[in-house]
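Biologist: I'm new to this one. Can you walk me through it?

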Amino acid sequence: MDRLQAMTTFVAVVDCGGFASAARQLNLSPPVVTRAVAELEERLQLRLLTRTTRMVRVTEAGARYAEDCRRILADIEEAEAAAAGTHGAPRGTLNLTAPVLFGQMYVTPVLASYLQRYPEVDAQCLFLDRVVNLMEEGVDVAVRIAELPDSSMQAVRVGRVRRVLVAAPSYLQAHEAPRRPEDLTRHVTISAAGLTAQPEWRFSIDGRAATQRVTPRMRTTTNDSAISAALAGLGIARLLSYQAAPHIASGALVPLLEAFEGAPVPIHVVHQEGRRATQKVRNFVDMAVESLRANPALR
């Protein structure tokens with residue numbers, strides 16, 4: 001088996017979680033698949049997989065090698081498509097990442113339209129509230145809600161969001177609305193920024209940055225649960241404006257302390273630079289940029 005076939009076989013074993021399932025996927029016999037991986041390990045002088053009687057697990061070195069193999073195989077697929085004159089038709093798997101709620105609310109509709117337009121592309125989404133390393137995790141496109149450090153990535157700014165305070169009308173009927181950030185010490189607050197004992201919320205007071213410590217009655221690691229608690233009238237939550245926008249529009253949540261909001265946070269669509277982007281990436285980025293820039297909730 002040549003090297004590229006061996007790479008394809010190894011990636012199939014990793015993705016399928018075993019030799020037998022990879023063999024079925026590749027229409028090969030299990031001994032052929034096992035021998036291909038053994039030859040790779042011998043050539044590399046590395047243990048790529050850990051085998052037991054019940055399961056196959058990829059080693060740390062094997063996981064890194066699998067990602068390298070995926071990139072190499074994707075490049076070959078792209079080169080062959082270009083040589084065959086089909087470069088204008090995107091194909092393959094598009095890997096993308098975004099924050100959880102942003103992915104659900106804004107990326108998924110774009111992706112659905114993209115996949116309907118290009119039937120030879122499938123997609124894998126990592127909607128996570130953490131920064132995903134594009135190189136290490138094999139991601140093609142990311143949406144970042146933050147100021148970006150200088151890097152080798154290509155970034156296109158598509159909008160901005162604000163950090164807003166909101167509460168349900170039922171809560172405000174029972175509690176006088178805060179007029180200044182320091183009034184928050186007398187209110188029930190909901191924190192979705194982590195589990196620190198006493199979070200600090202940032203504001204702008206008379207044009208200067210300021211912080212206000214709060215002691216949340218509810219601390220959570222998910223924005224969904226913070227929104228649910230605010231909608232139930234528990235207290236005041238601090239969210240990004242896009243997360244609160246539909247509830248503010250419906251009247252279910254009321255914005256507070258708008259005069260003290262800090263600087264807005266930019267939104268970027270990011271993809272890898274320094275190598276020719278594939279057609280599938282370029283087309284998705286174009287659609288995402290157009291859609292996100294047109295959304296009034298992201299201005």
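Modeller: We'll go through cavities, a pocket and aromatic pairs. This is a predicted model, where local features need pLDDT of at least 70, side-chain atom pairs count only at pLDDT 80 or more, and totals for chains, interfaces and linings use all residues. Residues are numbered from 1 along each chain as its sequence is written, and side-chain values use heavy atoms, with hydrogens and water left out.

Biologist: How many cavities of 30 Å³ or more turn up in the whole structure?

Modeller: Two. A cavity is a set of points on a 1 Å grid over the protein atoms alone where a 1.4 Å probe fits but cannot get out. Volume is the space filled by probe spheres set on the points, which are joined across faces, edges and corners.

Biologist: What volume does the largest cavity have?

Modeller: About 40 Å³. Its lining residues, those with an atom within 4 Å of a point, include Arg163, Phe203 and Glu261.

Biologist: Which strand gives the most to that lining?

Modeller: S7, with three residues. S7 spans 163–167. Strands here are DSSP runs (E, at least two residues), and helices are runs of H or I with at least four, numbered from the N terminus.

Biologist: And the second largest cavity, which residues line it?

Modeller: Tyr106, Val107, Val110, Val143, Phe284, Ala288 and Leu292. By class, that is seven nonpolar, no polar and no charged residues. Nonpolar covers Ala, Val, Leu, Ile, Met, Phe, Trp, Tyr, Cys and Pro; charged covers Asp, Glu, Lys and Arg; the others, Gly among them, are polar. Helices H5 (100–117) and H9 (279–293) each supply at least two of the lining residues.

Biologist: Switching topic. How many aromatic pairs are there?

Modeller: Six. Rings of Phe, Tyr and Trp (its six-membered ring) pair if their centres lie within 6.5 Å; planes under 30 degrees apart are stacked, over 60 edge-to-face, the rest tilted. One of the pairs is Phe102 with Tyr242, edge-to-face at 5.0 Å centre to centre and 85° between the planes.

Biologist: Why does that pair tie together parts 140 residues apart in sequence?

Modeller: Because Phe102 lies in helix H5 and Tyr242 in helix H8 (residues 241–250).

Biologist: Are Phe102 and Tyr242 buried or exposed?

Modeller: Both are buried, meaning under 20% relative accessible area with a 1.4 Å probe, protein chains only; exposed is over 50%, partly exposed in between.

Biologist: What about the second largest pocket, what volume does it have?

Modeller: About 980 Å³. A pocket is an open set with protein on both sides within 12 Å along at least five of seven lines. Helix H4 gives the largest share of the lining, eight residues.
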